[in-house]
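Here are a few friendly notes to read alongside the model. Keep the structure open and look up each residue as you go.

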Amino acid sequence: MEKYKIYLGPYTKEVSSQLKLGKIRIFDTTLREGEQTPGVAFRLEEKLTIAQRLDELGVNTIEAGFPSSSEGELHSVKSVARLGLKAEICGLARTVKEDVDACLKADLSCIHTFIGTSPWHLKYKLGISEEEAIKRAVETVEYIKDHGCTCEFSCEDATRTPFDFLVKIYKSVEEAGADRINVPDTVGVMNPEAMKSLISRLREQLKIVISVHCHNDLGLATANSLAAAVAGANQIQVTVNGLGERAGHASLEQVVVGLEVLYGGSTNIKKELITEVSRLVEKYSLIYNPPNYPIVGRNAFAHRSGIHVHGVIEEPACYEPFDPSVVGQTRRIVFGKHTGKHGVKTFLEQLGMKVSEEQLTKIVMKIRELGEAKKTLMDEDVFAIAESVIGGIPDREKAITLKELIVVTGSNVTPTASVTIEAGGKELRAAAIGVGPVDASAKAIEKAIGAIGQYTLDEYKIEAITGGTDSLASVEISIKDKFSNRFRAKAVDDDIVIASVGALIDAINKAMFYEKLKSLKQQS
Ligand code: KIV
């Protein structure tokens with residue numbers, strides 16, 4: 001029986017069952033290649049947290065950085081090495097003694113050394129012959145092995161290096177004791193067929209572990225990495241969210257899911273942690289995946305049109321390749337101009353809200369109208385629409401009620417408010433000062449209900465409805481919960497403070513009601 005709900009068709013199943021891929025090592029270079037992304041610089045604590053999460057995720061190797069590049073880098077790589085993680089911790093080094101020494105100073109157990117080998121790199125970057133490149137590579141591998149470290153060797157720009165020379169240099173380092181060779185497609189010019197051909201030809205010549213490192217210049221990094229695995233590569237280098245130089249690098253998420261789901265291979269990765277790690281790296285790198293990014297994007301399991309929503313509610317396999325939980329994602333029904341009744345009804349029923357056919361039509365019309373105006377409607381917006389069509393939250397569901405409000409204000413007086421709020425049969429009292437009477441009242445309410453509700457004020461709008469000093473004040477408030485769900489409420493009174501407090505209490509009640517319905521849904 002399949003452990004996960006994966007919905008493949010007969011063609012992929014048939015081909016992947018014939019491939020018989022073994023276990024593939026995952027070498028993560030988010031902290032080295034990923035940090036080469038323009039604009040990305042991880043702080044030390046961020047590097048440590050990422051390394052810990054990668055270790056929990058199950059990567060085999062963490063390339064923690066390039067120690068010879070600066071004292072700070074050496075310090076952070078060493079700090080990662082000292083975390084005592086299960087994963088092998090590796091550092092990058094050119095084929096020069098100082099670079100290897102910096103890796104040794106960083107207490108690394110693995111050193112990844114490289115030299116450019118394509119005609120362009122040899123002539124313009126290094127100004128050396130092929131023989132000199134082999135000599136430097138061999139000497140460096142021997143030096144690394146003499147220090148008892150695991151050694152991975154890369155021919156930079158391998159995929160534009162003549163085959164005979166490539167085999168010669170890889171064979172030389174294999175004989176010198178290297179543990180793995182890596183084949184970088186440095187400028188992303190391979191296609192899956194070329195990659196398959198190159199890796200199978202190398203496989204015939206070498207016994208050593210073969211790795212690939214594919215850049216995404218033409219959008220084929222994942223396809224090329226998977227093709228390499230099919231042709232006999234034993235390790236794939238990856239970065240979280242595909243970070244890396246220029247258009248980036250093969251992403252951990254796509255490579256692992258591709259290998260396991262589509263190619264029948266296996267890795268050590270705990271796939272259910274993939275989305276969480278991706279979000280963490282987004283936060284620290286400040287590079288956010290587009291919503292339609294595969295696997296971890298916010299829309300990767302979001303369904304919008306009425307036809308799709310209907311299908312996915314009846315049977316998720318209709319519109320999903322696998323259950324979102326496989327990668328720690330959640331399914332989302334998105335509401336907008338294509339929304340159908342079926343999806344809205346199911347969504348509301350899941351929240352425990354029963355609506356009549358007439359109310360449902362009104363709710364759907366309102367959603368479509370807002371959708372036409374290009375509004376993105378989140379769950380809580382649909383809840384708010386439904387709640388207004390139904391006629392507000394039933395009184396018995398109101399979590400808090402204002403019992404008393406006393407406000408003292410005036411010139412040369414610090415505005416002070418004291419409130420009594422009834423919540424769950426108990427009376428909560430609090431007093432607070434503020435910059436004005438409304439602020440003091442809001443703070444007193446926040447203080448009183450602090451233990452049961454944690455919301456932040458998002459918007460506050462006040463409007464005089466009629467003309468004079470006795471005009472009615474209309475106050476509109478929006479608050480946010482910790483998930484950034486927004487709840488709006490409006491109140492009208494001839495006293496600005498009473499209108500403000502009324503709207504605030506109403507918004508808090510909506511947020512609490514929504515939270516309660518959500519938690520009931522999760523328990524059921
Ligand atoms: O892109 C590349 O070629 C590299 C090597 C150092 C592996 O990053």
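1. Let's begin in a loop: asparagine 241 sits between strand S8 (235–238) and helix H10 (252–262). Please keep in mind that this is a predicted model. Asparagine 241 has a phi near 60°, a positive value in a residue other than glycine. Most residues other than glycine have a negative phi. Is asparagine 241 buried or exposed? Its relative accessible area is 7%, and buried means under 20%, so asparagine 241 is buried.

2. You will find isoleucine 295 in the loop between helix H11 (274–285) and strand S9 (302–303). Isoleucine 295 is not a glycine, yet its phi is positive, at about 65°. With a relative accessibility of 12%, isoleucine 295 counts as buried.

3. Which residues make the nonpolar surface patch of about 360 Å²? They are Leu457, Tyr460, Ile462 and Ile496. Strand S14 (residues 456–464) contributes the most to the nonpolar patch, with three residues. Leucine 457 belongs to strand S14, and leucine 457 is exposed, with a relative accessible area of 53%.

4. Finally, look at serine 478, which is part of strand S15 (residues 473–480). Serine 478 is buried, with a relative accessible area of 1%. Leaving aside residues up to four places away in sequence, serine 478 touches Thr456, Leu457, Asp458, Glu459, Arg486, Phe487 and Arg488.

Definitions and conventions: Residues are numbered from 1 along each chain as its sequence is written. This is a predicted model: local features need pLDDT of at least 70, side-chain atom pairs count only at pLDDT 80 or more; totals for chains, interfaces and linings use all residues. Side-chain values use heavy atoms; hydrogens and water are left out. Patches are made of residues with over 30% relative accessible area and no salt bridge: like charges are joined within 9 Å, nonpolar side chains (Val, Leu, Ile, Met, Phe, Trp, Tyr) within 5 Å. Accessible areas come from the Shrake-Rupley method with a 1.4 Å probe; for residues, only the protein chains shown count as cover. A salt bridge is a side-chain nitrogen of Lys or Arg within 4 Å of a carboxyl oxygen of Asp or Glu. Helices (H or I, at least four residues) and strands (E, at least two) are DSSP runs, numbered from the N terminus. Buried means under 20% relative accessible area, exposed over 50%, partly exposed in between (1.4 Å probe, protein chains only). Contact means heavy atoms within 4.5 Å.
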